[in-house]
Structures are given as structure tokens and as C-alpha cells.
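I opened my notebook for a friendly look through this one.

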Amino acid sequence: MAVCIAVIAKENYPLYIRSVPTQGELKFHYTVHTSLDVVEEKISGVGKALADQRELYLGLLYPTEDYKVYGYVTNSKVKFVIVVDSSNTSLRDNEIRSMFRKLHNSFTDVMCNPFYNPGDPIQSKAFDSIVSTMMVQAC
Amino acid sequence: MSFTRNLGRFEDDMRTLREKRTEPGWSFCDYFMVQVCDWLRELSIRAVGCSSAVHLCVDQEELAFVFEMLQQFEDALVQYDELDALFTQYVLNFGAGDGANWLGSFCQPVRSWNGLLLRRPIDMEKRDLIQRGEASLLDLRSYLFSRQCTLLIFLQRPWEVTARALELLHNCVQELQLLEVSVESGALDCWVFLSSLEVLHRIEGCCDRSQLEANCSHTVGLWTYATEKLRSLGDLCGLVSENGPDSEDLNKTVDLLAGLGAERPETINSPQSPYKKLKEALSSVEAFEKHYLELSHAAMEMYRVIGRLRSARLVGKSLAEFYMWLLCFACFLSCACGFFDRVCRYLQTSALLASDTNLSDEERRHFCQEILTFARQTAEGKGQQKDARVALSMSSFTRLQELRFRPSSALVHVSAALQLELRLCSLMPVPVTLEQISASIHFTQEQPGSTAQKRAAQNPDGTVTFPAASPASASASALELCEILEHSPSDNALSSAGVACRNMHLLMRRHDSTASLDTPNTAPAVAMEDAAQMLRASDVTLLPGNNSIVFTAPSQKPGSYTLRQLCATLGCVQFILPHIYPVVQYEVYSQEPQLSIQPLTGHNTDSMPVLHSSTCSARILSSSAELLAESALSIQSSEKVTSISLPVTPPYHTLEFLLEVLCHIPSCPARMESERLTNGQISRRSRTRFNSGMTLIDQKVSVDCPWSIYSTLVSLTFHVPFTIKHSLLSAGRRKFIQVCLRNVSDTNFRLTNQTLTENQHTPSLELCSLNTRTHSLVFRQQCVFSVWELRWSGVSPVSVHCEFSAAFAPADAPDAALKLYRYDFTLERVSTLYSVRAEIRPAVGEQQCCTGSLCRLEVSLTRLSEASDSDEEYSETDGLRSSRLLYEVIDNSSNWAVCGKSSGVVSMPVAAMATHKVHMEVMPLFAGHLLVPSIRVFKYQPRLASPVIQPDTDSCLENDSLSLEDQAETASLRSRGSVQSLGSGESAQPRGPMPKRQAFGPGQVFSGTQGQQVLVLPAADHHLMEVNVT
């Protein structure tokens, strides 16, 4: 499953980021950060008029030797990034999509929380647990 | 259409074969290379249209080949993709535990990692390996990819190649892990590095630059991947370790390089092949650094171009890490080398702090003292570390303000004084005494003037103004702060106050990383160049604030000097300004010595002094420091080359000396036309002119100097002061030679030793001087005569060659100035042949001659010697030889009227003392002592002995028949010879062969009665008496 899951605000600052091997946390941060380049490229690549019909799932952002980075952008320009271990070959595209969908739903729930201030780091336990289900079971 | 059907059947076959893959014993390799029935082979042959087809193994790949040959690249690609996907699936299944035996061959350890090979359309080598079932996973993947790559490039989709390549590389790495193939660590890195560079090269090979730049979003992934891999290789091989690679690392490197095998023949000639790059990068720390930086910068640049700034920064981060390591490494080195670099950095920081005006004075003094203390310590203590000097940047120490040249043109002569005044502002808080401040100079031997345009930075007044602040201090000092107060408009109360930075846009500007790469950290970059020439100033004390240092610039050689670096030495510490900007140049030129020659003329310039010699002063302006003593001045004149050695002359001194030029008066001026050559070169051109009685001799003198290829030519005109004439005088048989020397100049001369010598030294000849004085003065425009008697014994000489010589000098000159003057002449026909006497007697019966009465003129011609003149013609009649003479009575003063013929021809027998007398009648026209008319005698040569003029030869007066002819003849002769006409208006008609008369040489005919006078009385019955006194 995923090794890193990140939620990034419209203004490109992280709302939530969590990765499994905690020792390489910085590396994942870099990876997610770099992936924003591709996300922006993909968003701007689609014309403004088509923005509404655009699919939220961005697909594989870029592969590295060890990881595959997938992206997802909500209509409010909040970005979800999921990093998956490359060796996990059994993971299909559909599974990634469903992961994003689950993530999106959970994020919507967070946003619906009246005590949540939009733009603040997400500190919801429910969101945490959803992310945990998607993360590699190793930990 | 049978072809389509056949193809369809083939594909069906293929499919059934594939269906069997779940059965045990199926092998991918067999399937890959499966043999299919002959008809398919034929089909393919037919399809290709090539009768001599090789024995083709038809399988799925063959099918792809078929498609490829049919130009169905898309379909061929699909076949390969299918193969690829199939293989991938197997690997995945194998990883999932679904064992397939044939995969075992792929699980053998990887032994070769020589990257992709995309330059051949089909890599038969690998294909053979696959056919034999010996291929490793990398081989198979490489082969498949190279085929795909070829097809994609055929399809004009190079950018898909890069995407697929990246995928393939990732995939392979994963698959090898999955299959648990044992791979030597680093081997995959090598493979990936080589492969990605190979793909990039292949793409570069088929696209032009603009296409590449537009599509670098596709290639940047490969670049980054290659960079990462190189970095990890560097880590692995100890190239990024503190103390360089140890033996273990080296072993590792050797193993890795061994796995690369030999370089493929395709790339062996290209200098930038991935193979060579990798080998070089792994060879040394420096090479690795170079390649790594190169790749990193390429990747970063591409990311920046496509707008992926975050990715660019990520690469930049790893680069930064690398730099960090470099720093650490430097740190480590400095530890090892006695804290050298750390000290260096500390001192640099101290210098920066000491110059920072924002700090308190106390702090600044402290840091400045740190530097001074260090400099003093090291200078005292560590003599052995003389070369270990600490080089610091000068920008924190002083700031250059202005440089002034003196003279301001910055253009001086060789070894002339040129001073440079450097104004600089010391940033130190205390006075600093520098041992030396020096500027290295770059010298180029250029022609002066060619660099005049380059010195645009120099002001016309010879100053160079340096930019107000060097970049380092700009960021430190240029913070422009101002306070902002805002008052509310209503009640004018202060509503806000703040501080704003006016030039924030300058300070906050992002510095380009590539630019900053050039000066990464100033300390190691600052190095003093070795320069042959330096500007030096020793023991300079720099006070805080403005200082002025005067340098004396070297100017030993002509050329252009450019100031390069400035270095201030303080003990062991050197403050170095690596580049002096703007460019400061000065030029040194050299000037050859100049030579000028001025003829010294006493009088006007046109005519040289009339002397035989004139004095010339040569003026040599030496303007170089060369030793002129060694260079001899050679002066060529006429046949002689004169060399003059000059004394050592300091520069800018004038050497002036007099040259006395003598021109030998040519002994015979009339023959002086020949030009003589010396050493194959005309050294003298003398020309004689006769001008107003004086002979002019033009001489050219050329002066050759060793330092110049040009010769200086001086034209001198000499005047021969004398004209000379000689004459032969006779008195009967005695002969006298008279030489008349005329001084045509305006100077009085002294003449001595006038001698006349006979050139041939004939013993029978003797010249007796009749001159009484040996010394004589010849005044200007006057003549001096000298006479010699010519005596001979025996046969009279035919011709006498004589040379007159006299020593002469200006009248007031000493004897030493005497010069010889020669005059050559030749006398012909010296001896007297005939003696002519004329006698006038009164008519018979008269006592005296009276005017108006006829007198008798008796002319007697006597042959004095036997024929010795070869010119004489003889005619022989009756055995008697005789020569014919023409005589002529000439009365120049019209005193006499000749009655009858005045001329006639006589025949003289050739015998000594033969006398012929002619009588004629003359009438005196005046009374008094009248000169006897002169008689001239000529040789008479009847032309061609024509019989008409053959006389009767009775030695009488010529007969009348001849007289008419002769009369006409003589008249014509007279007019021709400008002899006084006797009133014969008859014009000579040239007719037939003409007789010719020929004059005798001077002295051949002696007139014995010349100057004799006859008393003529006036006629008695004349009322009027005319008396003519001559």
C-alpha cells in the first residue's frame, strides 16, 4: 500500500503528511514537494473551460526508482499525493483511484467539521485512521 | 489477399502457441524463437520480396520483423509491446511464487552491465544470446528496448522513447530485485547511468537542438536519473568520502569497470560516449566532481526551463549536499595540513569583519589585530613554510579607487619613466604596514598603437576609475534605509512609522547559481599568478581611509603591459585582487636611432664649396639604449665602404661628428661617365656636368645603419675648380708642350710640383721643364702656364701620352692639405713634317712694297723629314713617291688682296728637304707694317684616285682644267671649315667623288714666317694716306 500520503492546500503548503518509514520522512517531504511541479503542470495543462469536467485523479505523476507518485486534485485545488513503493507491483490503477476517493471523502468530512478551520493542518483522528488503513501494513 | 490470410493464420498459430504457456515445459525462449512451418518462411520471403532470404526463424519476433520490413512499424511495435508485456507478466508471476522453469536462466547473477545499445538497428549479439537461452534479464530487456527504440524513432516518436526508457530502467531495477538476481552493488547503477545517457545520446542524434530544448520535459527525467546514479556510484566507490577512495573502494571501482567490458566499436571514436564518461568519472575525485556538477547543472537548467522549480531545487539540494561534503572535505584537509584552510577562512572572515563599518570600532580593531598577529607570527616563526602563504581576497581589505598614469598618455618610450599612482581606500580600522604591494603585469609584444582602442576605460587624463564598490562590498554596505512616517490626513497625527529599504530589489535579488559557481568560495579561488614582471612598492603603510601608492612601471621592452592582479603582502598573509577591472594598460614603444646627414656648405646650398673636398657632418640621434659601439655605421661611397664605429651613447643623446668627404678629381673629366659597381650594387652614381665653365661632379653617399634597413642617401655636388688645356708648340723641329691650368673657382690656390711625365716611359723621349718656379699661386679666374720641351732622339714619336700632375691646396691651407690634380692627355703626330715660309717681295724694279702695286708672294714648302706620318697618302709616279698638299693663303685682316688663285695643290716628293716654291701676286691694301698672310697647308686627298683629277704631275702649278674644280672645291671647303670666305658666292655643288682635304695635326706644319711683317709704303700719288698699324 501507500508509503506516504499527503494533503496539500491550495496555496501549496501541507495540510497533512504522513509516511511509513519515519526515518525517511524528509525524503518523502521532498518527493511530495517535487511532485507539486507535475501537479501544477497537469492542472495548467488542462484548459480553464474544461476545469470543471476535469477528472480529479491525475494519475501517475512521476516514477522514481523506488516509488511511484500519484496525484489527485479536488475542485477546490486541494492536492492529494500518494506515494507507493515501486516494488508493490500488485497495486492497480483502480486501487489507487479508490484510495484517492476514500481520502477525498474523509477530507470532505474533515472540512465539514465545524471546529475545523479551513487551511489549518488536519488533526482529525478519523482522517488519521482512514490514512492508516491505506498505508503499508508493515507498521 | 492470400498474404493477409496467411498472416492471419500465422498470428493464429502464434496465439495457440501462447495459449500453451500454462502447460509445463513451455519456455519463453522457445516461444520467442519458435520454428514455424516452411510455408510461413516462404510467406515472409515473398513478403520481403527478396529471393535470397536467409534461413529465417519465424516466431513472434519474426512477425515483428515482417511488419517492420513491410514498413508497418506500428504493428511491429505492437508485437514487441506484447512480448514485453508478456515477459513482464511472467516476471510478476514468478515473483508471486508462480514458478516457471525457463525464468531460471534469467535469475543467474548479472555479470555484464554495459548499458543499452541503441546505435544498431538489431543487436544480433544479444539476439544470439537470447536464441541460445543464455541471455540475462538485462540482455533481454536491452534487446527488446533497442528494437522498440528503433521502431519508435522510425515512427518519429522520440519522446516516447525517453518515457519508455525511464520506465524500463525503473522496471528492470525492480524486476531484478523481485527475481532476487544477485547483482553486484553498483552494477545496476552503472547500467542505468550508461543506459540513460545512451538513450539521451540517441535522441540527441535524431533531433536538432531546438527540438531538444522544446522537449526537455521528456528528457529531464533521464538526466536526473543519471545524475542520481552517478552520485550513488560516487558514494559507493569512495569518491565522495573524506579521504578519497581507499583500496577497497578502488577494488570496487575496478570490478565495476570490468563489468562494463570493452567499449563498443560504435562509440569508440566519439569522445563523449557514455562509456568514456563513466570511466572518466570513476577514475578520480576531480573527474567525478566535474561530471557530477555537469550533469546536475544540466538537469537543474532543464527543470528551470520547463518551470519545475521544485524539482530543480531538489537537484540543487543534492548538489548542495555535495558542496557541503566538499567543504567538509576541505575542512578535513585543513586539519591534515595544519589547519591551513581553516585559518585561511578565519582570516578571511576576520578581514570581512574588520572592514565592516557596521561593527563597532573596538570589534573591528580586534579582528584586524587578529590578522596582523597571525601575519607576524607566521613570518617570524615558520621560515620553513615560506611557500604556505595565506591568500585572502583583497575586496575586504582595501577598495581600489583610481589609478593614474604619469605621463597621462600611458605611452612611453623604452626605459623611460612611467609612474602609476594607485589610490585605494583601506578598510582596516588601523594603519597596516605592508611589506610589499605588487601588481602582476601581463606583457604582450604588440605594436604600439594597436591597442589604443582597448584602453577605452582610461580617461584621457590618464586615470582609470574603478567602480565604486566591488560586488562583495556592495551587498554589505549598500543597504539604503529610510524612515517612513505617515500622518493621518485629518488631524496630522502620526499614524504609522517604519523603516523601509529602498534598494531591497537589488539586495534580495536571487543570485544565479551558475554565476555563483564561478566564485564558489573566494579563498581557494584566489591564487597569485606567476608573472614575470611586477609593479612593486615595498613597505607601504596603509592608513585607514584613502591612500596613494606610486609604482614605477617597468618599461624595458616595447609592447603592451596589462595589469592583472594586485597583491598586498603582509607577512604570510596575502591580500589578492584576482582581476583588476577595468582593464589597465600601458604601452611602451621604441624608436630607432635616427640618422641625419647635413652637408655643410660654406656658400649657398646649391653649389657645394668649390673645394676638391667638402666637409659633411653626420648627425646621429641615438634614441635607444642599445650599445651603439657594437653597431658600426658603414658609409659607402664610390668603391670604398667606410665603417664607423660609434661610441656608446646613452639614450636621447645626439652623437654628432664631422665626416670629411673627399672627391678625387677624375684625371680626365670627359671620360667620367662610367658607373662602377661594387658588391653588385651601385654605390656611387657620379655624374659630371659642365656648368658655367666649372665641372660639376654629383656624388651620392649612402649610409647604412645596422638598426635600419634603409640607407640614408646624401647627394653631394662637387665642383672641379680647374679647367686645363694643353697645346703643342713648335719651333722648327723643336717641340714644346704648354699646359694651361685655369682656376675657374673663386678661391685662390697654391700649386706646387707641376710635373709632366710621359706615361709610356719611352727612353728616347725626354721632357725638359722650362718652368722656373715650382710654386705658384693661381688666383681666381686666372691661369697658370707651364711649358716643357719635348726632346727625342732617333725616330720621332708617333704619339706621346702625357700626364700632368700638380699638387694644389687652397692658398691659405698648410702643405698637408695638398692634393694631387692630374691631367692626362695624348699628343699625336708630334714631329714637324713641313716647314712653310712665305716671303713678300716688291715687284721687280721696286724698292719697297707700295699700296696698290702688286707684290710677289713666294711660298716655299719644305718637307723636313721623310714620311713618318702614316696618314699621308702617297702617289707614285715614275718611281717617285710624292704626296699632295693643298696650300691656302689666308689673310685674316684683309690687308692683302690675292691676285689670281689663293690656293692650289702641289705635289711634294717624299724626300727630306724637298722644297716646293709657289709664287703668286698679292697687293697690299694698306700701308704700314703688314703681317704676311698666313699659309695653311692641308693634306690633299683626291677621292678614290679618280682619273679626272689625276694631275699632270710635273710638279708645277695645276693646270687650268683643274683650277675650276679646285676653286669650287676650296670655296666649299672654306665654307665648311668656317674659314673666312674670299667672296666666292658660288655654292658648292656636291658632285661625284669629291676630293678631300685633311688638316695636319698641330705641330706637323711649322710656319716659319708667322708673325713676320712687311713694310708697305703708301703710294706716292695718293692724297690720302691710310696707315694701318698693327
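Before counting, I settled what I mean by a polar contact: a pair of N or O atoms within 3.5 Å, where within protein one atom must be able to donate a hydrogen and the other to accept it, and residues adjacent in sequence count only if both atoms are side-chain atoms. I also noted that this is a predicted model.

**Entry: the interface**

How many residue pairs are in polar contact between chain B and chain A? I found nine, with both residues at pLDDT 80 or more. I then asked which elements of chain B give two or more residues to the side that touches chain A, and got helix H8 (158-178), helix H11 (216-236) and helix H15 (309-336). The largest share of that side, five residues, comes from H15(B). Sorted by type, the residues of chain B that touch chain A are six nonpolar, four polar and four charged.

For the contact list, I looked at both sides: 14 residues of chain B are in contact with 16 residues of chain A. I wanted the area as well, since the size of an interface is often given as the accessible area lost when the parts come together. Here the area buried between chain B and chain A is about 1400 Å², and carbon and sulfur atoms give 48% of it. Which residues of chain B lose the most area to chain A? They are B:Gln174, B:Arg308 and B:Arg310, together 46% of what that side buries.

Salt bridges came next, and the rule finds four across the interface of chain B and chain A. I looked up the one between the side chains of A:Glu41 and B:Arg308, where N to O is 2.9 Å.

**Entry: aromatic rings**

I searched the whole structure and got 18 aromatic pairs over all chains. In the pair A:Phe28 and A:Tyr67, the ring centres are 5.2 Å apart and the planes stand at 65°; over 60 counts as edge-to-face, so that is the class I wrote down. This pair links distant parts of the chain, with A:Phe28 in helix H1 (residues 25-45) of chain A and A:Tyr67 in strand E4 (residues 67-73) of chain A, 39 residues apart. Are these two buried or exposed? Both A:Phe28 and A:Tyr67 are buried.

In chain B I looked up B:Phe397 and B:Phe575, a stacked pair at 3.9 Å centre to centre with 10° between the planes. B:Phe397 lies in the loop between strand E1 (390-393) and strand E2 (398-406) of chain B, and B:Phe575 in strand E12 (residues 573-577) of chain B, so the pair ties together parts that are 178 residues apart in sequence. B:Phe397 has 1% relative accessibility and counts as buried; B:Phe575, at 0%, counts as buried too.

**Entry: two single residues**

A:Thr108 lies in helix H2 (residues 93-112) of chain A. Its relative accessible area is 35%, so I put A:Thr108 down as partly exposed. From A:Thr108 to A:Phe127 I read 9.7 Å, C-alpha to C-alpha, for 19 residues apart in sequence.

B:Glu803 lies in strand E30 (residues 799-810) of chain B. Why did I file B:Glu803 as buried? Its relative accessibility is 16%, and buried means under 20%. Leaving out residues up to four places away in sequence, B:Glu803 touches B:Thr755, B:Leu756, B:Thr757, B:Asn759, B:Arg822, B:Tyr823 and B:Asp824.

Key: Residues are numbered from 1 along each chain as its sequence is written. Chains are lettered from A and ligands numbered from 1 in the order in which they are written. This is a predicted model: local features need pLDDT of at least 70, side-chain atom pairs count only at pLDDT 80 or more; totals for chains, interfaces and linings use all residues. Side-chain values use heavy atoms; hydrogens and water are left out. Contact means heavy atoms within 4.5 Å. Buried area is the accessible area (1.4 Å probe) that two parts lose on being put together, summed over both. Helices (H or I, at least four residues) and strands (E, at least two) are DSSP runs, numbered from the N terminus. Ala, Val, Leu, Ile, Met, Phe, Trp, Tyr, Cys and Pro count as nonpolar, Asp, Glu, Lys and Arg as charged, and the others, Gly among them, as polar. Rings of Phe, Tyr and Trp (its six-membered ring) pair if their centres lie within 6.5 Å; planes under 30 degrees apart count as stacked, over 60 as edge-to-face and the rest as tilted. Buried means under 20% relative accessible area, exposed over 50%, partly exposed in between (1.4 Å probe, protein chains only).
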